[in-house]
Amino acid sequence: MGVISPIETLFLKSHHRLLQPRDYSYPVVLNNTRGHFANFPRSCSVEFPLRSNPISQNGKSSYHWRIYVSESDTNEMYHKKVSIMETLKQANSYIPHAILSSTILALLYPPSFTWFKPRYFVPGLGFMMFAVGINSNERDFLEALKRPDAIFAGYIGQYLIKPLLGYIFGLIAVSLFNLPTSIGAGIMLVSCVSGAQLSNYTTFLTDPSLAPLSIVMTSVSTATAVLVTPMLSLLLIGKKLPVDVIGMISSILQVVVTPIAAGLLLNRLFPRLSNAIKPFLPALTVIDMGCCIGAPLALNIDSILSPFGATILFLVVTFHLLAFVAGYFFTGFFFSKAPDVKALQRTISYETGMQSSLLALALATKFFQDPLVGVPPAISTVVMSLMGVSLVTIWKNRKE
């Protein structure tokens, strides 16, 4: 334990110097200065244990900026702080484990997630968008708007490729597997809804620079869902769904626009607070995502465990798998000369393979009397999330 002077404090502010070997002897040469520093010696050395002589000024002696330092304690505290921060920042790597765990827990003990009511879904998804917004800036979104061709490609994936696949698998479910017509309608309904906000977060984890582009794609598909979803449902299912336009706009504002704007403003106006929050967001997002995945499963457990459950699971998994693959290769074909073609392929693959299954579940509950219509959307919520985060793990490892 020792006392260090102001000059020595300057040397000890660097973590690098604090972590050097025990030989801390190096000269310090000072130029002539005025004021308090004029009384310091022209050279000094720093050694452990740290000591300093009193500073003479106006006939009085004092120790300015007195700091007590222990070398071993400082090193231990520094490493512990770094270890905790690194663990928090790397929490995103545990997303697949969290989703798988929440799925198993919801199946084995539904009450563990039934408390997470549907009214919590919007705040839960909004928190993920806040995490994306706080790690972005407004320039990223302005750059995203300069790529209308990519935005249009994402729209084609959402409202052309995916509905065609949904229609095919809906027919297969009824004609080939002899499932009730309501199951086929549920699969088609899943394919008619807008993009999932979770696709924005998976893009952020894989290709952060394209997260704003993904957000714009999802926002466009969600904004036009008030017209496109009823039209597609009428065309594919034969049932007109009077989607609540005001409710849809409110949902867009709550889930996408407001959280992202809040993150951007916090990042710009209060950078210190923003930097203090960022390390904790990955861990909180993992918990949030686990709740958003486990809750729909737990709330619809009776229908999912019905005699048709395994067959529906197979159909939904295959539907999503082909949607991911179609989005990836469709983008690679039309954007083969783009400098970031691989990142763009991954982004539009997420957009095509992942959709707002929670919206499909809400529509099924509100506009269809048969509860079996809601089974494919409930299963889809889990399946597309697991597949999306699995692709995040695969593609991130390939990039590294």
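Reader: At what angle do helix α8 and helix α17 pack, and how far apart are their axes?

Author: Helix α8 (residues 148–175) and helix α17 (residues 309–334) pack at an angle of about 150°, and their axes are 10 Å apart. The axes are lines fitted to C-alpha atoms, for helices over the stretch in contact, and angles run from 0 to 180 degrees between N-to-C directions. Helices are DSSP runs of H or I with at least four residues, numbered from the N terminus. This is a predicted model, in which local features need pLDDT of at least 70 and side-chain atom pairs count only at pLDDT 80 or more, while totals for chains, interfaces and linings use all residues. Residues are numbered from 1 along each chain as its sequence is written, and side-chain values use heavy atoms, with hydrogens and water left out.

Reader: Why are α8 and α17 called roughly antiparallel?

Author: Angles under 35 degrees count as roughly parallel, over 145 as roughly antiparallel, 65 to 115 as roughly perpendicular and the rest as oblique. The angle here is about 150°, and α8 and α17 are therefore roughly antiparallel to each other.

Reader: Which residues of α8 and α17 make the contact?

Author: Contact means heavy atoms within 4.5 Å. On α8 the contributors include I156, L165 and F169, and on α17 they include F319, L322 and F330.

Reader: What makes T352 count as buried?

Author: Buried means under 20% relative accessible area, exposed over 50%, and partly exposed in between, with a 1.4 Å probe and protein chains only. T352 has a relative accessible area of 0%, so T352 is buried. T352 is found in helix α18 (residues 341–353). Leaving aside residues up to four places away in sequence, T352 touches G157, Q158, I161, K162, A323 and G327.

Reader: Why does P259 count as buried?

Author: The relative accessibility of P259 is 10%, and P259 therefore counts as buried. P259 lies in helix α13 (residues 245–269). P259 and M128 are 131 residues apart in sequence, and their C-alpha atoms are 8.3 Å apart in space. Among the residues that P259 touches, not counting those up to four places away in sequence, are G126, M129 and F130.

Reader: How do you know that C292 is in no disulfide?

Author: A disulfide is a pair of cysteine sulfur atoms within 2.5 Å. A search of the whole structure finds zero disulfides. For C292, the nearest cysteine sulfur, that of C291, is 6.9 Å away, and C292 is in no disulfide. C292 has a relative accessible area of 3%, so C292 is buried.

Key:
Helix = DSSP H or I, 4+ residues; strand = E, 2+ residues; numbered from the N terminus.
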